[in-house]
Structures are given as structure tokens and as C-alpha cells.
Amino acid sequence: MKKITLLIILAFTSQFSIAQDSCAGAMPITAAGTFVIDVINGAPTTTACVGGGTVTAAEWYAYTPSQNYTVTVTTDLLINICRDTRFQVYTGICGGLSCLTGDDDAGVIACNSGNTNSYLSTKSFNVTAGTTYYIAFENRYESTGFSFQIIENPIVVPPTAPVSYQNQTVGTLPSGAGNYNLCIVDMNGDYKDDIVSVSANNLKVHYQGTTANSFSISDFPISGTSFMPSWSLAAGDHNRDGYNDIILGAGSGLSVWSSNSVGTAYSNYTPGQYIFCQRTNFADLNKDGHLDVFSCHDIAPNVYYLNDGNSNFTHYQATVTPGAMNIGTSGGNYSTLFSDFDNDGDTDVFISKCSGPPCELLRYDGNGVYTNISAVAGVDITPIQTWSSAINDFDSDGDMDIIITASAGTHKYFRNNLDTTNNVEEAFTNITVGSGWDTNSSTNIDNVSYDFDNDGFADVLGGGNKIMFNDGDGTFTPFSYSGLSVGAIGDLNNDGFLDILNGTTVRYAIPNGNNWSKITLQGIQSNRNGIGARVELYGAWGKQIRDVRSGEGFKYMGSLNVHFGIGDATSISQIIIRWPSGIVDTINNPTINGVVHVVEGSTLANNEFINSEFALFPVPAKNILNIKSNSDIAFKSAQVYDLNGRKVFESAIENDAINVQSLSKGTYVLVVRNTEEKEFSQKFIKE
């Protein structure tokens, strides 16, 4: 989506002194130089397209373009400094002219004596080839001794937005102070996105209906006193009953509203510790398969509550509670985005900072240990003020990049330089210059990244009523939409395109013809939502990745379903889900433009598990398993998983083979990686 503006300004190397005294005798002119008006003494105009007052004389010119142009008529020239001009532009025939445009004081060259105003004239307008335009310079202010030019530029047609929206006001959504329409997520276990609204002692859910743009509505009264989500809201199924629960983050603490086992009622849990909450999240912090509650703390180290599996929560604060994980050890924490930045299968954390300290990238090293690698990664830049950041694989190379989106100041775009061939932590590269983020002056406290136009590249919705659309070549192009702001994101009419909730208005995306895939997850050994899972999509384009996160941007909660756009591609070769538990599910050749529902571990028992990218022999294998690529790209490494999804073996591929002698008899899943960092899976039997 590159836009190239070609500007043609003809060289004005000569001057012409011309005076024409009537419309009928107007001198034909072209964009061929600078024209001098010695004196205005012709027939006056009778109709003013611009301005008013008495006009007693004019000079007339006829301009007929040879092709369509954007034309500028201007006296805004240094030679005219301190002059005061006015002109009118007409179409039609003499004796029956119609006003088109004109100008009085739009020039910018100010007078250098007496005053600093500019009274020169300039106007740009589109013209049609073969049509005659009559230009009349009046003596309303100036009657002698000035010059003018005509400049022809190609007409630049604004590009069409990659996706458009149809707005619908939902009158049954609560509005006004004390009501929070911050969340789009499935609330009844049908994997279709619903709208979640919160107000004092009430949870209102607009369940997505069976017909487009329709909802059924339920109100759930909440007993007790709860904090309201004045800062953020997050959702996830912490009690594993198939119904999502929510976290409400406020300026003094948080509350958790939890469903009963059949989703017909919700109870309030307010732990009571003081937290100046910013971003809240559900995340499995200790990798035990249970969702924990996390909150950024603005003025102190971050706070979390570990879930024991029975939804009993234990309070921890970094550097304060003995044994607490160090996830943000100082204040100024505004947004946490949990994502696997080093592709090692577990979830790291990026923390956006607002109050002075630089942003933090925390690598998870296992056993509850998070290591601050911000300096090594090169993302600890100062000064920068951000309430949130956009995290996605913006360059489609298989790892997560970071756009630190400024709430004040300038944005920064960092490319992840992950190198899986060594154990060195490589620095990110600042590629802001020339990306479009260096010229994006719109700042915002909230920024979220999704593929809004389903072209296969992750975009960013932020400030300025616009979406920064990813061009797929390292650059972003902004497109503005009237009244658009960041809100909850999800597919509210099940058409595969992401919609946006702004207050009581749903902005339904109008499908643009691009193809897509939606993946819904049901965790078994991992948490029920699959939060923390890495989903990979393969096809002719290569590889796309998404990480399942509860809490995107700063304030809002978006769909937990995984959305991919694939542009004009007509097939998907493979979907791989890498669950937090270590289980790997693989779906070959899924249909496009539909929903793929994956239960954790469900593909491991499939009898058919053949991949067209490579062949294995002999099967069953005893000692040596040969791996033959069906393309010109060689495979370089292999991992072997048992049918519980546990990795049991890892090896480099040498001479197109691996030695599996050490494996016990049984059925396994082989995952191979080629030299382009693409991964493919297939089942085999060890005898």
C-alpha cells in the first residue's frame, strides 16, 4: 500500500505581459511561464465567487487544459510582496458564466514593511481536459503591476481504505458515567464473541445472536461492593468451568467477578490490597495450568494473585512479598503484554512505562524467574512516555516485534532479531525511520494490534482516529475514519472480520474480499482459554504467528479467539498450536473462511497425520529415521513429542536423518524445522 505523489511544476523561465479586457476577448494561456498584469482596466466581473465589495475593472484569461489536472492559480510570488490581489474563476460561456472558485487572501508571503499580513491569492482546484476556465483578476484592491502563475499537477486520487466500517448504535448498551463497555469476549461457551458491560453491582452481557448484528441480553446482579474498571478490564476462565470471568482494575484495587459452573450467576471477589491499577491481565504466571490475576501498579512494584487450581488466590507483590516473582520491580507500570519473544515456548513480558523509567522486557527463565533483558534487547530507551505498546510479528519473520506507541512524544518501532542458531540474546533493531511511525504525530494512551483488513499483516489502531495499516514491507500507511477510537475488538457478526466497540457504537467491518481463518481453543492440561499459547499459520505466504493474550493495549479486553487474514491466498497448509503445557497440535489443510476449533491434544490421537512437505522412512523406525524433503529446502533440526505432547527428544538433522534408537516403542510426533525457520509435523512409529 505505497502511495507515491508525483509533483510536476513546469519551469517558469519567461514572463509575458498580457492584458485582456473582456470575457469574450480573454487571452488563451497555458502553464508556460509567469504572466504580468500591467494594469487592470477591462470589463468588471458581475458575480463574485469569493469576496464582495465594489469591482470596477478586471483582466480576463482563458485556460483550457489538455488533460485532467489539479491546477493552482497563484499570485503568491516573491515578486508580488506587499501586493493585494483577488481573482475569480468561472466556467460556462461568456454572458452565462457560473462561479467555480476564486481567492482573496490565501497567500503566505507576508509583507516586509508596514505589516506582516499576506494579501496575495492562491487557489488549487481540479480541471477537466478540454473545458475552458475563465480567470478574472479584479481591481478590488490592486490594479497595477503584479504577476501570476498557473501550475499543473497530476490529480492524486486518495487510495481506498483497506477496510471500511458500518456503524450501528446499540441502544441497549449502558451509557454515561459509571458504565463501562470495555470488553468483547465469548461469555457463554459458544466461541462467538459477546459484548460485556460493567456497572455498579451489575454485569450486562449482549450475547451474539444467530442472525447478523443481533444480540440477546442478560443482566447479572453482583452482590457486595466491587471496584469499577476505571483503568482496565481483562477476561479469562480462571475456574475452568467454560465461562469467562473478569478482572476489574481501579485506582485503589481490583475485583474479580467469577461465574458459577453453569454461567447463570457471578460472584464478587475483592481481595482488598491497595493497588493503583493500570493494565490488568489473566496469565498463567507459574505455568501450572491455572490462570492467575495480574495488575500493573502505577506507583509501586506490580501485584499478582496466584491461583491454586480451586480459585483460591494468594497475594504477591514484586520485591515486597517473600518469594514473589520480579515482574516489574519499580513504579510507573502502565501496560503488560505477555508474549513469547524468544520463541522458547514460554511467555515473557513487556511492560510499558509512563512515569519516567524506560520500558522493560522480562524474559521468563523458568521456575518463576523473570530476567530483565531490556538493556540487552536495546528497548530501554529514554525519554519516552507510553501507556501501552503494540506487540506483533509485524515483519512476518516468525518472532514478535515491538512498537512502543507514545502517549506523548514520538513512537519507536523495534524489529526482533531473534537468531535460533545460537544461545545469544540479540538486540532488537530500531527501524522507526522510514517506517511511517516516525511521521505519525498522533499519540494515544491506548494502542492495539490486529489484522484489521485480513491481508495477512498486523496493523495498529491508536490515536488520531486512524489505523496504521501494515504495508508488509516495513512501512505503515495511516487511514483515518470519522470518530474512530481504540476500543474492544472482536468478531461480533461471525464474518471473519474484526469489529470495534466504541462506547455504544459497534463499527462492523465490511468484508473486503480477503480470506481468513479463525481458531478457537479449548485447553485441557493448559488453562481453558489457551492463554499463553502460540498459534502458527502456514501457507503460500510463509508463516504467521499469534500469541493468545488476556488484555491487549492499555484498557480494553478483546476476543480470545485467534484471527488470521490471508489476503487473496486460497488455502492454508497447516495450523500449529503450541500450548503452554508443551503439547503441540497440528491441523493440516484446514478450510479457509471458517472456524477451526482445537481441543488441546486432540490431533495427537489422529490415525491420519501425513504432511505433504516431507516423507519418513522406514516406518516403523528402529534406529535411524530418514527425513526426505519434498521441496528444495533442507531440514536442519527435529523435535520429537510423545502423544501427551511432551518433548522427549531433540536433535540436529544430519544426512537427512536422525537417530531414534533411544526412544521407547510407541507412537510419536516429529516436528522438523527447515532452513527458512518453518516448522512441519508428522506422526511416526518407533518399534
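Where is P383 placed, in terms of α1 and β28? P383 is in the loop between α1 (374–377) and β28 (390–392).

Some ground rules before I go on. This is a predicted model, where local features need pLDDT of at least 70, side-chain atom pairs count only at pLDDT 80 or more, and totals for chains, interfaces and linings use all residues. Residues are numbered from 1 along each chain as its sequence is written, and side-chain values use heavy atoms, with hydrogens and water left out. As for the labels, helices (H or I, at least four residues) and strands (E, at least two) are DSSP runs, numbered from the N terminus.

Now the backbone. Most peptide bonds are trans, and most residues other than glycine have a negative phi. Here are some exceptions.

Cis bonds to begin with. The bond from T382 to P383 is cis, with omega near -5°. So what about F617 to P618? That peptide bond is cis, with omega near -10°. P618 sits in the loop between β46 (614–617) and β47 (624–629).

Next, phi. S396 is not a glycine, yet its phi is positive, about 55°. Look for S396 in the loop between β28 and β29 (401–404). Its relative accessible area is 30%. That makes S396 partly exposed: buried means under 20%, exposed over 50%, and partly exposed lies in between, using a 1.4 Å probe and protein chains only.

And N465? Phi is near 55° there, again positive in a residue other than glycine. N465 lies in the loop between β33 (459–461) and β34 (466–470). N465 is partly exposed, at 37% relative accessible area.
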